[in-house]
Amino acid sequence: MGGAMTYITIRDVAQHAGISVSTVSRALNNTGRISANTKAKVERAVAQLGYIPDSRAQAMRSLRTKTVGLLVPDIRNAYFAELAYTVQDSLFEAGYCAFIGTSSESASRQDSFITSILSQRIDGAIIVPQGEVTEAMRKLIEQRLPMLFMDRHVEPQAGGLEHVPVVDSDPTKGIRDALLDVLQHGFHSVGYISGPIIASPSLQEREQAFRTVASEIFGEEHVFVESTGFDQSSCASVMHRMINVGVKALIIGYSPDALRVMQVMAQEGLVIGKDISLISFDDVEVFRLATPRISVISQQVQRIGHISAALFLDMLENNGDVKSQRVETVYIPRESLGRA
């Protein structure tokens with residue numbers, strides 16, 4: 001655990017809280033009588049300084065706890081539910097238990113989860129990160145705990161994060177195959193709804209891949225791209241703008257948006273595959289159950305989950321120097337793409 005990192009000692013905590021070292025020690029070990037007020041002072045100092053008691057810091061380095069922090073953005077999103085399940089399953093097979101948390105697409109929630117798992121003594125963390133480098137992530141790196149990013153990368157990859165391996169999907173092949181299918185169905189223009197891309201380097205990359213390939217296949221003037229926020233309303237207006245410019249085939253880069261589009265179409269009596277043809281990212285169950293069944297660009301969620309768990313276990317058990325991996329997206333045609 002060498003390097004430039006300075007360890008916070010019990011002495012620093014005592015100084016910060018303005019009480020003696022022995023009192024701090026008693027408060028931390030719950031020995032002897034200590035007023036609630038003093039205990040609160042110590043806890044505040046510990047939190048502010050990011051102090052990890054020595055015995056625990058040593059245990060962190062030597063003993064395995066066989067627990068791993070697993071953080072996903074939203075467990076209600078079927079894609080992330082399946083991803084978390086796959087990773088948890090693979091870790092369990094190897095004798096590890098996963099603490100699962102959700103960040104609700106918020107960097108501060110992500111950070112409070114990371115901070116709380118750090119105090120639980122974990123062997124490492126698998127994280128679907130929120131766009132940018134945060135304080136808690138730096139702490140994870142300082143602790144030299146094995147960490148792996150899954151499904152998304154972080155921009156910019158700096159501050160130690162450039163060494164964190166990433167397992168995610170490469171959007172290009174799936175997008176290309178989907179667009180060629182759109183062309184074969186007789187469409188001359190195509191629309192793309194890219195989702196809430198502001199905070200997501202992965203959704204930005206997906207949109208970029210779409211623009212590049214679609215312009216090449218349809219010509220730039222026949223390609224229409226819009227992004228949405230996390231709210232419901234924007235989806236309907238985006239869809240109407242697409243219809244107004246004559247777009248009849250839509251590819252949707254963020255599966256919750258596809259569900260909203262399906263909802264809006266149902267409310268307005270529009271028929272999928274006839275009035276508007278749809279292709280969505282992510283092969284989630286609801287798309288296989290819908291009528292017509294929705295064509296998808298699959299990120300191969302189970303492969304991403306299995307590879308992530310395998311690489312992570314390699315880092316943990318063999319101190320493996322693990323390289324980032326990308327899984328190719330796969331286009332799965334179904335009935336939601338009609339004839340132009």
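Hi everyone. When I call a residue buried today, I mean that it has under 20% relative accessible area, and exposed means over 50%. Please keep in mind that this is a predicted model.

Let's start with helix α1, residues 10–17. Which of its residues are buried? They are V13, A14 and A17. These three span an arc of only 100° around the axis, so they sit on the same side of α1. On the face turned away from that buried side you'll find R11 and Q15, which are exposed. As for what covers the buried residues of α1, the cover includes α2 (21–29) and α3 (36–49).

Now let's zoom out to the whole chain. The domain assignment divides it into domain 1 (8–52), domain 2 (65–167 + 300–326) and domain 3 (169–298). As you can see from those bounds, domain 2 is written as two segments, 65–167 and 300–326.

The largest nonpolar core has 48 residues, and the members that touch the most others are L91, I126 and M150. Several elements give two or more residues to this core, among them β1 (67–72), α5 (78–93), β4 (147–150) and α11 (255–267). Which element gives the most? That is α13, with nine residues. I'd also point out that this core takes at least three residues from domain 2 and at least three from domain 3.

Leaving aside neighbours within four places in sequence, its contacts include L70, L83, V87, I126 and I304. There is also a second, separate core of 21 residues, and I175, V182, Y192 and I251 are among its members.

Last stop: where domain 2 meets domain 3. Their C-alpha centres are 29 Å apart, and 13 residues of domain 2 make contact with 14 residues of domain 3. On the domain 2 side, Y79, H153 and R326 supply 38% of the area buried against domain 3, more than any other three residues.

How many salt bridges cross this interface? The rule finds one. R326 also forms a salt bridge with E205, and the closest N and O atoms in that pair are 2.8 Å apart.

Terms used:
Residues are numbered from 1 along each chain as its sequence is written. This is a predicted model: local features need pLDDT of at least 70, side-chain atom pairs count only at pLDDT 80 or more; totals for chains, interfaces and linings use all residues. Side-chain values use heavy atoms; hydrogens and water are left out. Buried means under 20% relative accessible area, exposed over 50%, partly exposed in between (1.4 Å probe, protein chains only). Helices (H or I, at least four residues) and strands (E, at least two) are DSSP runs, numbered from the N terminus. The arc is that of the directions from the helix axis to the C-beta atoms. Contact means heavy atoms within 4.5 Å. A nonpolar core is a set of buried Ala, Val, Leu, Ile, Met, Phe, Trp, Tyr and Cys residues joined through side-chain atoms within 4.5 Å. Domain bounds come from an automatic or database domain assignment. Buried area is the accessible area (1.4 Å probe) that two parts lose on being put together, summed over both. A salt bridge is a side-chain nitrogen of Lys or Arg within 4 Å of a carboxyl oxygen of Asp or Glu.
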